Amino acid sequence: MFYRETGQYKTSYAADMALFPIRQDRIGMALILLIAFVVIPLTMSSFTLSAVMIPILVFSLAAIGLNLLTGYTGLISLGTAGFMGVGAYACYKLTTWFPGVNIIVLILLSGFAAAAVGAIFGLPSLRIKGFYLTVATLAAQFFLSWCFVRVPWLVNYNISNAIEVPTRTMFDIPITGPNATPVTRYLVVLSIAVFMTWIASNLVHGRIGRSWMAVRDMDIAAELIGIRLYRTKLLAFAVSSYYCGVAGALMVFLWLGAAEADSFNINQSFIILFMVIIGGLGSLIGSFFGAAFIWGLPILLKLAPEFFGVAVKSATVEHIQFMVVGALIIVFLIVEPHGLARLWQIGKQKLRMWPFPY
Amino acid sequence: MEILYKIFVDPFVQMAGAPDLLIQTLWEGLVSGVLYALIALGFVLIFKASGVFNFAQGIMVVFAALTLVGLHAKGIPAFVALALTIVVMLVLAIAVERLMLRPLVNQPDIILFMATFGLTYFLIGLGELIFGGEPKVMIASELGLPKGAVEWKVFGGFVSFQKIDIAAAVIASIMVATLAVFFQKTRIGRALRAVADSHKAALSVGISLEQIWVIVWFAAGIVALATGIMWGARSDVSFALQTLALKALPVLILGGFTSIPGAIVGGVIIGVGEKLGEFYWGPLLGSGIESWLAYVIALVFLLFRPQGLFGERIIERI
């Protein structure tokens with residue numbers, strides 16, 4: 001009824017290819033942004049902000065990074081957490097070298113370190129593919145997490161072997177370190193996430209994204225129509241790692257406040273891969289859904305017994321959580337292999353018809 | 001200069017200086033290699049017959065071992081518990097086929113791969129819920145596995161072989177031989193290979209996909225149980241064993257995903273390479289390199305032979 005594109009004529013290719021070609025989509029997006037930037041910080045408690053919203057945004061960003069590689073280019077990577085770690089440690093080194101530079105600039109810069117490392121570990125992708133490549137990315141994961149533990153230079157020879165986030169301010173408001181309020185941190189993370197999602201969606205709509213998808217669908221055919229495989233695959237690795245690196249830096253500096261090597265272990269990589277799969281391969285909005293689902297589900301499960309007034313031991317809850325998450329993943333793959341993003345599309349399609357069935 | 005000396009000369013001097021230590025290291029590498037190979041064997045079985053990369057093999061090892069120990073703790077005699085565990089693995093295989101594989105027929109590989117991730121999580125939760133998360137002691141002596149060590153005097157020193165390790169190597173060899181015969185000579189084995197080539201073609205000549213999958217997952221379950229007993233006897237039975245599954249991956253890419261002998265040879269190369277590297281070159285890098293050395297060996301190897309040592313050549317068509 002209200003969600004129709006009828007009567008919205010496009011008079012140029014640019015208008016036709018715009019990110020949100022339908023006016024209602026633009027309005028909807030503006031509304032979502034308004035809620036995210038104004039309503040949520042005003043209404044949510046600081047606990048919810050720092051324990052739910054910030055992690056979801058950070059993981060969404062990492063999931064977008066992995067999605068660019070796995071969903072758009074078809075290269076499965078299990079080194080995501082390693083690349084996130086590179087971003088985090090690079091950012092820490094940068095803050096010690098350039099204490100005067102704005103922290104946001106440093107966070108965005110640290111992604112480049114991750115991109116470089118990602119491109120190096122992407123080199124085998126030129127020669128091997130499929131599960132063999134997946135295992136090769138595991139080499140990256142294990143090698144990097146070993147480095148985080150064994151190279152004390154990375155943490156400035158800190159005895160605790162952990163990153164401790166210094167306080168940095170912008171316009172005299174602390175945005176990192178112990179003095180930063182959850183609201184400021186949330187807003188900073190949100191701004192970066194929105195900005196980078198916007199860049200990513202432009203990337204995947206353009207020439208680069210199309211060449212990635214061509215490689216994903218069939219690499220030999222892509223090569224035949226003139227796509228240079230090496231460059232395309234390495235670029236995918238670099239861009240994907242850039243996103244993961246920034247996500248890692250945000251995770252340590254704006255969410256956790258301190259991090260050990262263990263924060264970037266193999267399980268983290270798996271969890272982000274889950275987010276991508278559950279959210280939907282090859283969908284940016286799906287990455288947000290996936291992150292919210294995987295991060296939110298355990299929290300909901302934890303709250304559920306209290307809500308129903310049943311006392312269950314916390315260990316038992318954790319075990320059941322594992323079972324439920326595992327079962328849900330299988331059920332999801334059976335019912336909707338294309339993830340939450342497909343449900344979103346179906347919903348939109350239904351809305352377009354509503355209230356008339358045809 | 002000094003660093004080059006330390007990398008290229010010093011370790012070999014050490015090896016020549018203390019041959020008994022070298023033999024000991026080689027032996028330990030060999031044993032852990034055999035055990036990696038056992039896990040890899042489980043992967044290969046399922047990959048050969050269904051094209052599914054079964055990530056849950058690691059947790060199946062833990063689950064099988066936990067079931068065995070848990071049943072024995074309830075007062076059931078060891079061998080009855082062993083039989084019951086085999087039944088449990090059969091039930092698991094049937095459940096996996098019914099609830100997971102059957103609805104996912106003809107989905108892309110990555111979806112099936114992800115589904116086994118889901119299975120991993122589910123089994124972790126289930127295992128901890130039923131048996132608790134704390135490490136347990138494997139009932140090695142009750143199952144008649146030997147204890148203690150044999151010492152071998154050589155080159156003025158001595159090398160000690162744990163009896164359990166020898167038993168592990170023997171059992172692993174028997175299992176591999178049995179499986180190889182099973183795959184090559186029996187009717188079911190032939191059906192398995194047909195399914196591996198093409199699901200649809202196998203179906204069209206009247207092979208029951210469901211039955212084959214149950215058999216394969218059951219066989220992988222048995223291999224998991226054997227692996228669980230062996231690893232459990234060397235250390236404790238705990239969920240940490242599950243990460244060993246990841247160690248089997250470099251073994252797999254070395255040997256090739258589809259080759260049973262490849263799994264064994266790959267396992268031994270990785271096991272020996274890892275132990276030698278850790279022992280002789282590890283101190284240079286600050287130890288702990290065991291965690292990634294295997295992957296790097298496999299990675300370097302892949303660059304020269306992308307389909308692994310014994311893997312089938314990948315032919316690509318448009």
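Reader: How many residues does H4(A) have, and what span should they give?
Author: This is a predicted model. H4(A) has 18 residues, which should span 26 Å at 1.5 Å a residue. The end C-alpha atoms of H4(A) are 26 Å apart, so the two figures agree.

Reader: And where does H4 sit in chain A?
Author: Helix H4 covers residues 80–97 of chain A. 14 of its 18 residues are buried, so H4(A) is largely enclosed by the rest of the structure.

Reader: What's the packing angle between H4 and H6(A)?
Author: About 35°, with the axes of the two helices 8 Å apart.

Reader: Left-handed or right-handed crossing?
Author: Left-handed, as H4(A) passes H6(A).

Reader: Which residues meet there?
Author: From H4(A): Ala81(A), Gly82(A), Gly85(A), Val86(A) and Tyr89(A).

Reader: Why would residues three or four places apart point the same way?
Author: An α-helix has 3.6 residues a turn, so residues at that spacing point the same way.

Reader: OK, interface next. How many residues does each chain put in?
Author: Chain A gives 33 residues and chain B gives 39. On the chain A side, the elements with two or more residues are H6 (131–150), H9 (219–224), H11 (266–279) and H13 (314–335).

Reader: Which element has the largest share on the chain A side?
Author: H13(A), with 13 residues.

Reader: What's the class make-up of that side?
Author: The side of chain A that touches chain B has 27 nonpolar residues, 4 polar and 2 charged.

Reader: Back inside chain A. Tyr243(A): buried or exposed?
Author: Buried, because Tyr243(A) has 31 C-beta neighbours inside 10 Å. Tyr243(A) lies in helix H10, residues 229–256 of chain A.

Reader: What does Tyr243(A) touch?
Author: Setting aside residues up to four places away in sequence, Tyr243(A) touches Leu61(A), Ala62(A), Ile64(A), Gly65(A), Leu68(A) and Met196(A). Leu108(A) is 135 residues from Tyr243(A) along the chain, yet their C-alpha atoms are separated by 9.2 Å.

Reader: And Phe237(A), where is that?
Author: Phe237(A) is in helix H10 of chain A too. Phe237(A) is buried, with 28 other C-beta atoms within 10 Å. Beyond four places in sequence, Phe237(A) touches Leu69(A), Gly118(A), Ala119(A), Gly122(A) and Ser125(A). Val117(A) is 120 residues away along the chain, with 9.2 Å between the C-alpha atoms of Val117(A) and Phe237(A).

Reader: Why does Ile208(A) count as partly exposed?
Author: Because Ile208(A) has 17 C-beta neighbours inside 10 Å, and a residue needs 20 or more to be buried. Ile208(A) is found in helix H8, residues 207–217 of chain A. Leaving aside neighbours within four places, Ile208(A) is in contact with Leu203(A) and Leu235(A). Ile208(A) and Thr232(A) are 24 residues apart in sequence and 7.8 Å apart in space, C-alpha to C-alpha.

Reader: Switching to chain B. What's the secondary structure count?
Author: 13 helices and 2 strands in chain B. Buried residues make up 45% of its 318 residues. Among chain B contacts between residues at least 6 apart in sequence, 74% join residues at least 24 apart.

Reader: What about H7(B), which residues are buried there?
Author: Ile164(B), Asp165(B), Ala168(B) and Ala172(B). H7(B) runs over residues 163–185. Its 23 residues reach 33 Å from first C-alpha to last, close to the 33 Å expected.

Reader: One more residue. Leu293(B), which helix?
Author: Leu293(B) is in helix H13, residues 290–304 of chain B. Leu293(B) counts as buried because it has 25 C-beta neighbours inside 10 Å. Not counting residues up to four places away, Leu293(B) touches Glu274(B), Gly277(B) and Glu278(B).

Reader: Last thing. Where in chain B is confidence lowest, and where is it highest?
Author: Strand E1 of chain B, residues 149–154, is lowest at a mean of 64. Helix H5 of chain B, residues 78–101, is highest at 85. Chain B averages a pLDDT of 77, and 79% of the residues score at least 70.

Reader: And the scores for the model?
Author: ipTM is 0.76 and pTM is 0.83.

Definitions and conventions. Residues are numbered from 1 along each chain as its sequence is written. Chains are lettered from A and ligands numbered from 1 in the order in which they are written. This is a predicted model: local features need pLDDT of at least 70, side-chain atom pairs count only at pLDDT 80 or more; totals for chains, interfaces and linings use all residues. Helices (H or I, at least four residues) and strands (E, at least two) are DSSP runs, numbered from the N terminus. The expected span of a helix is 1.5 Å times one less than its number of residues. A residue is buried if 20 or more other C-beta atoms lie within 10 Å of its own, exposed if 12 or fewer, and partly exposed in between; C-beta atoms are placed from the backbone. Two residues are in contact if their C-beta atoms, placed from the backbone, lie within 7 Å. Ala, Val, Leu, Ile, Met, Phe, Trp, Tyr, Cys and Pro count as nonpolar, Asp, Glu, Lys and Arg as charged, and the others, Gly among them, as polar. Axes are lines fitted to C-alpha atoms, for helices over the stretch in contact, and angles run from 0 to 180 degrees between N-to-C directions. A crossing is left-handed if the near helix is turned anticlockwise from the far one by less than a right angle, and right-handed if clockwise. pLDDT is the predictor's confidence in each residue, from 0 to 100.
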